[in-house]
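Please look through the notes below with the model open.

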Amino acid sequence: MSYKAAFAMADYLEEYEESTGEELELDPVAIRCEFSEYESAIEAAAQYTSEFTTEAAALEYLQDHTTVITYDGGVIIQDF
């Protein structure tokens with residue numbers, strides 16, 4: 001996972017803990033197994049379907065199906 005993606009993931013996990021009140025145990029192996037990093041939403045969506053030609057449509061598709069973390073430089077999705 002890239003440096004920027006790692007920071008985005010850490011921010012996401014911290015926000016999740018704060019919003020739910022649930023304390024998470026950091027498991028880097030589980031994170032690497034459950035989440036994947038892509039340069040764009042179109043690239044991520046292409047792993048599941050090839051019907052998207054715009055970033056916005058691909059991002060909406062992903063958000064309807066899984067957890068999506070966007071950051072400057074790409075997206076992280078929870079594999080589904």
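How many aromatic pairs does the count come to? The points below start with that number.

1. Basis. This is a predicted model, in which local features need pLDDT of at least 70 and side-chain atom pairs count only at pLDDT 80 or more, while totals for chains, interfaces and linings use all residues. Residues are numbered from 1 along each chain as its sequence is written, and side-chain values use heavy atoms, with hydrogens and water left out.

2. Aromatic pairs. The count comes to 4 aromatic pairs. Rings of Phe, Tyr and Trp (its six-membered ring) pair if their centres lie within 6.5 Å; planes under 30 degrees apart count as stacked, over 60 as edge-to-face and the rest as tilted.

3. Tyr3 and Phe7. The ring centres of Tyr3 and Phe7 are 4.9 Å apart and the planes stand at 65°, so this pair is edge-to-face. Tyr3 and Phe7 are separated by about one helical turn, because they are 4 residues apart in helix α1. Helices are DSSP runs (H or I, at least four residues), as are strands (E, at least two), numbered from the N terminus. Tyr3 counts as exposed at 65% relative accessibility, and Phe7 as partly exposed at 47%. Here buried means under 20% relative accessible area, exposed over 50% and partly exposed in between (1.4 Å probe, protein chains only).

4. Tyr48 and Phe80. The rings of Tyr48 and Phe80 are stacked, because their centres are 3.9 Å apart and their planes are at 15°. Tyr48 lies in the loop between α3 (41–45) and α4 (55–65) and Phe80 in the segment after β3, so the pair ties together parts 32 residues apart in sequence. Tyr48 is partly exposed at 30% relative accessibility; Phe80 is partly exposed too, at 40%. Tyr48, Phe52, Tyr61 and Phe80 form one aromatic cluster.

5. Salt bridge. The count is 1 salt bridge, defined as a side-chain nitrogen of Lys or Arg within 4 Å of a carboxyl oxygen of Asp or Glu. Asp72 forms a salt bridge with Lys4, with the closest N and O atoms 3.5 Å apart. This pair links distant parts of the chain, 68 residues apart: Asp72 is in the loop between β2 (68–71) and β3 (74–78), and Lys4 is in helix α1. Asp72 counts as exposed at 61% relative accessibility, whereas Lys4 counts as partly exposed at 47%.

6. Glu23. Glu23 sits in the loop between α1 (3–20) and α2 (28–34). Its relative accessibility is 72%, so Glu23 counts as exposed. The C-alpha atoms of Glu23 and Phe80 are separated by 24 Å, and the two residues are 57 residues apart along the chain.
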